[in-house]
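Subject: Structure handover

Hello,

Please find the structure below, followed by notes on what was found in it. Read the notes with the model open beside them.

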Amino acid sequence: MEKIRHFLCIDLKSFFASCECVSRGLNPFTTPLVVANKNQGNGAITLAVTPYLKSKGIKGRTRLYEIPKNIKYTIVNPRMKLYLEKSKEVVSIYLDYVAKEDLHIYSIDECFLDVTDYLRLYKKTDYELALDILNKVKEKTGLTATCGIGPNMLLAKISMDIEAKHMKDCIAKWDYADIETKLWNIAPLSKMWGIGTRLEKRLNALGIFSIKDLALYDKNKLHDKFGIMGLELWNHANGIDTSRICDFANSKKEKSFSHSQVLFKDYYAENTKLIIEEMVEVLGMRLRTNALETSCIGLGIHYSKTIGDGFYHHTKIEVPTSDEKIIKDVCFLLFDRYYENLPIRKVSISLSHLEKQLGTQLNLFEDYESIKKKQEISKTIDEVKTKFGKNSILKASNLLEDSTAIERNGKIGGHHE
């Protein structure tokens, strides 16, 4: 029987705005300060606001003109160099407590720590160790952090998101016993890590309005609707997460196919999905040409420089594939889960856990003949494009104004890591 693990998920509170306050000797809990590009005028999107302004109902990502006129505040331009230096400073504190292989840097202001093998060393409970680390961060950097504790990375993250900010020590601990009493009570769905407003609408259309609804829904129907991501949604709704920090370290070292594209203007949801679909076509052809399949698909979205942020997430699939539809559907679901309706300037897709295609893998959701037919069609298209050029066969969508396929087909896209 595997021993119970202890994960910490630590987030730096209102990170950008707090960094600005600390550098000025101000208290972020009493200072009305906004981080935004002053040159963009009243329509600028705030990158961060102080906890003080959040207590007044101001959201972290909002446009300046949406802030009530009766609230006075100071605007400062973002300083990414400062934030990166502070982030490194905090990470060095974490590394005073755990080894590098037990730390996963999730974002510039958020990290996961697996402290399972350190509790006996420090003679502390996971809660006591978390409190020690948060106090050390406050003492050395002036920044306030919140922490979630759980037996897996998922519950640590969600307890931090949902409950930690309301607790006295800014620490919340969830265990498997809390799944039905706490996790299942989350509503609306978009309050749950990994479910964005777009995915929430699709789940609502199925009659799913709470995490409990999702947990009790037929997982086979979720698979039919969302593919492998549907099973992951069901697992997460039931508090199931088998990922370990070492998984993230290993995925970076292995070879992968990746493709990224810098966009010439701001893109949003619909035209970005067109770009994703076209990029998947390129990667799908590379997989088939090399007789490879992938079982790990990642999507990265970089917002415009004025926002200076974005996300990268990946998911594993049970059956390795080179099928463009499966890869595209996973990318779309990752996009719907994490996209924040902000202007996009770069899209990246990665396919890892590559292995040689040894035959046709059957599954319960598709018959052999249809799989074989799709493979033959793809092979024929690949042969034509190889012989006559990538623009010899185009989809109608490739002729749309926002498509970049025709121009990109004349260039070398992506790279092999």
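Three strands make up an open sheet of mixed pairing, in the order S3-S2-S4. Strands here are DSSP runs of E with at least two residues, helices are runs of H or I with at least four residues, and both are numbered from the N terminus. Two strands count as paired if DSSP finds at least two bridges between them. At the edges of this sheet are strand S3 (48-49) and strand S4 (74-76), each of which pairs on one side only. Strand S2 (residues 33-35) runs parallel to S4, and three bridges join the two. Leu33 has Thr74 in S4 as its bridge partner. Helix H1 (residues 15-23) packs on the sheet and touches S2, S3 and S4. The direction of H1 makes about 120° with that of S2. A contact means heavy atoms within 4.5 Å. Axes are lines fitted to C-alpha atoms, for helices over the stretch in contact, and angles run from 0 to 180 degrees between N-to-C directions.

This is a predicted model, in which local features need pLDDT of at least 70 and side-chain atom pairs count only at pLDDT 80 or more, while totals for chains, interfaces and linings use all residues. Residues are numbered from 1 along each chain as its sequence is written, and side-chain values use heavy atoms, with hydrogens and water left out.

Now the whole chain. The protein chain has 15 helices and 14 strands. Of its 417 residues, 48% are buried. Buried means under 20% relative accessible area, exposed means over 50%, and partly exposed is in between (1.4 Å probe, protein chains only). The chain exposes about 21200 Å², and carbon and sulfur atoms supply 53% of that area. Accessible areas come from the Shrake-Rupley method with a 1.4 Å probe; for residues, only the protein chains shown count as cover. Among contacts with a separation of 6 or more, 67% are between residues 24 or more positions apart.

Next, the sheet with five strands. Its order is S5-S6-S1-S7-S8, and the sheet is open with mixed pairing. Strand S5 (103-107) and strand S8 (171-173) are the edge strands, each pairing on one side only. On average, neighbouring strands of this sheet are turned by 15° against each other, direction ignored.

Strand S7 (residues 145-150) and S8 run parallel and are joined by three bridges. Cys147 has Ile171 in S8 as its bridge partner. Helix H3 (residues 80-97) packs on the sheet and touches strand S1 (7-12), S5 and strand S6 (110-114). The direction of H3 makes about 155° with that of S5. Helix H6 (residues 153-162) also packs on the sheet, touching S1, S5, S6, S7 and S8, and its direction makes about 140° with that of S7.

How is S1 paired with S7 and with S6? S1 and S7 are antiparallel, with six bridges, and S1 and S6 are antiparallel, with five bridges. Asp11 has Thr146 in S7 as its bridge partner, and Cys9 stands opposite Phe112 in S6. S1 is mostly covered, since six of its six residues are buried. Phe7, Cys9 and Asp11 point one way from the strand, whereas Leu8, Ile10 and Leu12 point the other way, and all are buried.

Ser87 lies in helix H3. Is Ser87 buried or exposed? Ser87 counts as buried because its relative accessibility is 10%. Not counting residues up to four places away in sequence, Ser87 touches Phe15 and Ile108. Ser87 and Ile108 are 21 residues apart in sequence and 6.0 Å apart in space, C-alpha to C-alpha.

Met167 lies in the loop between H6 and S8. With a relative accessible area of 36%, Met167 is partly exposed. Met167 and Cys147 are 20 residues apart in sequence and 10.0 Å apart in space, C-alpha to C-alpha.

Last, a pair of helices. The axes of helix H7 (residues 197-204) and helix H13 (residues 324-338) come within 5 Å and cross at roughly 105°. Arg198, Leu199 and Arg202 of H7 make the contact with Leu333, Asp336 and Arg337 of H13.

Regards
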